[in-house]
Structures are given as structure tokens and as C-alpha cells.
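Dear colleague,

Please find below the structure that I am handing over to you. My findings follow it.

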Number of protein chains: 2
Amino acid sequence: MSVASVENGWPLDDRGPAYGDGLFETVLVGDGEPRLWAEHLARLERGCGVLGLPVPARAELERPLAEAGPGWQVLKLILTRGSGGRGYRLPPDPAPRLRWQLNPFSPPVGFWQEGVRVRHCHLSLAIQPALAGIKHLNRLENVLARAEWSDDETAEGLLRDTRGRLVEATCMNLFWQRDGCLETPRLHRCGVAGTLRQALMARLSIHEVDAGPEVLHEAQALWLGNSLQGLWPVTRLDDVDGRSLAGWAITPDHRALQAEAHALLGYPLPEGANH
Amino acid sequence: MSVASVENGWPLDDRGPAYGDGLFETVLVGDGEPRLWAEHLARLERGCGVLGLPVPARAELERPLAEAGPGWQVLKLILTRGSGGRGYRLPPDPAPRLRWQLNPFSPPVGFWQEGVRVRHCHLSLAIQPALAGIKHLNRLENVLARAEWSDDETAEGLLRDTRGRLVEATCMNLFWQRDGCLETPRLHRCGVAGTLRQALMARLSIHEVDAGPEVLHEAQALWLGNSLQGLWPVTRLDDVDGRSLAGWAITPDHRALQAEAHALLGYPLPEGANH
């Protein structure tokens, strides 16, 4: 059972479907409360700046929350430049269009506890600093990367850019521990700067690095995270061909970062974590 | 007055608006006849192959033509992967969705006759061989590039890739004459392989080259073209800052290639052209 905005869909001349000319946010809602809401609003605002869209009023963005019920839900907000324009040229008086959907969500408790298996993707992310970091609607690279595997044993795929540097997973950010330090890929050339990543970086010392996948062989721990899925410990990394490249046992350090993330989201803390 | 498909728009869960997960074609229709139709069908088919979409039946793609009236019109076809899927993951049984719009079109007679002024764009196109050439719905780069100027004196903007090589204009392909040879940028890293470009290359010797913008200073003639606008002679090239970089008088060679293009489209031939 999902709830959707009254104006249910997109007219034919909307620039969202036509060009991917817009932004989206996927927000965890717990008992009616949006989690990491400040971070979501900040990223949407940054995206509006990049695309030259007016920022919707906060009240408009929060209206869907009135429909939220108890338990966990996911709120998807899509903002487009609206109708019109002659070809790619911007319409003279753009009227952005906001649509939303609210769906039930089951937190991935098994992945939190047992960790996940991930693989490298064959597809490389294009380097486009003009669009890096924001959550825009041009997501064909993510779609093609996610289509590279269909087995349910593989939870996510890691993406490198066209110069071979680690960037992210298809819908999650990447974190690892090396020599006792937390690291995450720099995202100024491509990739989406996740809200959980932002919130963790504001609380902890996490270094943004340019690194190829070989760095993962030096890592004592590896995680994937986003604001919906929380933080997953990675226990096995496979290559593009499915061959195992590396494996990790789940350590107290894994649990410690997981506890930080889950405290931010209001998710249950891992057992034995001293938060 | 425009005509549109009966199912007028996109549902909220369609992957077109959500991710730009689809393709489009913009087709010139003259007195009810689609021009370069074989080339449009071929590109759509190639795009379906890249995205893993079933190719719509030809009859389905031609259905809108029954609504076409006399004179010039433009048919826009948009094909998306349809509804569903969990995040980026492909839906198990995708049902692609086809939508179309038919609008009147005024051929740019003045641009044909007098030529156009163009400029370099600041934005660089990202290098993504996995999506190069096809006309997919991830077009934010084109939108941002087209937003770089708003004066009506500038007809188009030239785009280079992130390594500085010429690729195309925001919605047209690029051709030039150098040492008596016709050349056009290679499009295997980024850019859209236009149907007029395909048709001209099938008839004439046109070399695909990797070249930076300095090559234009050696050019005796420069054109922009697509299947809707026909072929425009370029008479002036400006830099990103509006400073003039080069200029060309319109030559018989300009008119000769224009005649080839307009014969393919069924547009009137330039005066004095020996076709």
C-alpha cells in the first residue's frame, strides 16, 4: 500500500521525463519523522543551485509527511523543471513540478548482522564535475551497472570512474578503514554525495581519497551505506567475473561505525556496540 | 495545436522520469511522411540494444503518423522501460511505455540562407562509451550547455569532451571541410549520432576524426545539421566569452552539402545548387 501525490504522474511535456531535467531524494521516514532531513534538504538545495531551479518551500517538501503512518516508510521526492522550453533551451518562466511517493520499507536487518557480498562493476562512471555529487535524474549509468548481476547473493556493485578510481556503489556510498583511519572516495568528479555519508563526515574524521580498487586489499574493514539501508559490513568482494578478490570478518570496528550510522538514522544499534 | 498520444503522460513509477531510463527520437514529418525514417528506426533499435529494451513493433511506432496533417510537423517519440523495479534494479517483466507528440514545425529558412553564428560552450561532455551515440533520456549536459547563452543571435553551442575534443553542438552534429575533405567528430565516447549525419555518411565520403577546436581554424567551411533543422552554414564562431574566433563566407561548397542534406529531408534545395 503506497500513498502518492494527488497529481499522480507527469504530463507529456515535462522536462523530467524528456531530459532527466530534475532531482530526487529518497528519505527514510520512521514513525512519521524524516531522518537526516537537514542533509536531504541541503543536497536538494545544492542540486537546485547546479541546475538553476528555484528551491521548493520547506512546507511543500514536508507536506507528504502528513500522510506518513507508523513504522518505517520511504518517501521519494522528485522535482523537475516542469513543462516547456523549445528543445533543450530553458523555458522562460519555469514552473518546477514536485511529485512524491510514500511506501512501506523493511530495514535490511540480515545485511546489518551478517554483512554482504559485493562485486566490481564492469561499467565505469563518466567524469562530469558539473553534475558530481548531486542526486539528479540522469541515472542510466546506475541502471546499466545494476543490470550487470541478477543473483540475490550479490548485494551491491562497486563503481570506478573512467580513470579507474573508486567512486561508490550503484546506490550506496563506500567507506573503508585503512591503518586505523576511515576513508571514502572523493566525489567531485562523479557519484552521488549521500546524506548518510555527509552526516558521518560531519561527526567523524573520514578522509576523502582518490584511490583505485587496490586500496581495498589494504583495508581492515569495508562498508556500504546510505540513508535508507543504513550501514552494511562487506564480508566478500568479487571481481567482475564473480571470482573472489577479498574477504573480511566482521570486527568490533565494523560494529562501531555501524552504531554511529544507525544512531543517526534511528535504527537499532548493533548488539554489543558501545555507542 | 499539437496532437498527443491518448494515454497522455507518465505514471509516477515510470522509470523514464525516475532515471531517464529510455530513449527518444525527434522526427521530421512532411505531408504525413516521416523523413529519414529508416535511420530513426535503426538508431532506436541500437539504443534498445544498449539499454536492453525490446524494440517496439514498427506499426506501433508508425501509429502517430495517422494523425499527421499537411505541411511540416515534428513527431517526438519517447520510449521508457516502463513501471517498476526495486531502485535501479530492472523490473523482472518490463513493459516499456511509448508516448508521442506531434507538433507543427517551421523550417529555419533564414538560417539556411544566411548561415548562423555559433559559440563554444564552457561545459564539457563526459566520456561514457557505454552510452555514446544513442539518443537516451539522460540529457542534463545538453540542458546545462544550452543554458549558457540566451541571446537570439547565437544559434548553437559547440561541445567538446572532457579531453578537449570536438563532439557536437547541443542538439546538432558538426561537419567541416578541410583540405577539400569533409570531416565530422567521432562519436564513440560521447555525443548523439544524428540520423542526418548517418544518412550523409552513407552517401558521401565524410571522415570521422578526433580533433580539438583548433581544427576549425583550418576549415574552409563549417556546418551544423540535424534531421529537423537541415543543414546550417556557420558564418561566425565565438569563444565562450563571446569574443569572435573565426568567420566564414558562404561558399558553393556550403550550398552543395546543404543540397545533399535537404534532398534527403525533402526540404527545398538552396538556390543555385547543382544537385
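Does the radius of gyration of chain A agree with, or depart from, that of a compact globule with 275 residues? The model is predicted, and in it chain A has a radius of gyration of 19 Å. A compact globule of 275 residues would have a value near 19 Å, so the two agree. Along its principal axes, the C-alpha trace of chain A spans about 55 × 45 × 35 Å.

Regarding confidence, the average pLDDT of chain A is 95, and 96% of the residues score at least 70. For the complex, the predictor gives an ipTM of 0.96 and a pTM of 0.96.

As to the fold, chain A contains seven helices and 14 strands. Of its 275 residues, 48% are buried. Among the contacts in chain A with a separation of 6 or more, 70% are between residues 24 or more positions apart.

The interface comprises 39 residues of chain A in contact with 39 residues of chain B. On the side of chain A that touches chain B, at least two residues are supplied by each of α1 (15–19), β5 (97–104) and α5 (140–146) of chain A. The largest share, six residues, comes from α5(A). By class, this side of chain A has 20 nonpolar, 13 polar and six charged residues. Because 100% of the interface residues of chain A are also interface residues in chain B, the copies meet through the same surface.

Finally, I turn to the nonpolar core. In soluble globular proteins, nonpolar side chains tend to be buried together. Here the largest nonpolar core has 131 residues, and the members that touch the most others are A:W223, A:V234, B:W223 and B:V234. Leaving aside residues up to four places away in sequence, B:V234 touches B:G115, B:V116, B:V118, B:L222, B:W223, B:L224 and B:W248.

Yours sincerely

Terms used. Residues are numbered from 1 along each chain as its sequence is written. Chains are lettered from A and ligands numbered from 1 in the order in which they are written. This is a predicted model: local features need pLDDT of at least 70, side-chain atom pairs count only at pLDDT 80 or more; totals for chains, interfaces and linings use all residues. Helices (H or I, at least four residues) and strands (E, at least two) are DSSP runs, numbered from the N terminus. The radius of gyration is taken over C-alpha atoms; the globule rule is 2.2 Å times the number of residues to the power 0.38. A residue is buried if 20 or more other C-beta atoms lie within 10 Å of its own, exposed if 12 or fewer, and partly exposed in between; C-beta atoms are placed from the backbone. Two residues are in contact if their C-beta atoms, placed from the backbone, lie within 7 Å. Ala, Val, Leu, Ile, Met, Phe, Trp, Tyr, Cys and Pro count as nonpolar, Asp, Glu, Lys and Arg as charged, and the others, Gly among them, as polar. A nonpolar core is a set of buried Ala, Val, Leu, Ile, Met, Phe, Trp, Tyr and Cys residues joined through C-beta atoms within 7 Å. pLDDT is the predictor's confidence in each residue, from 0 to 100.
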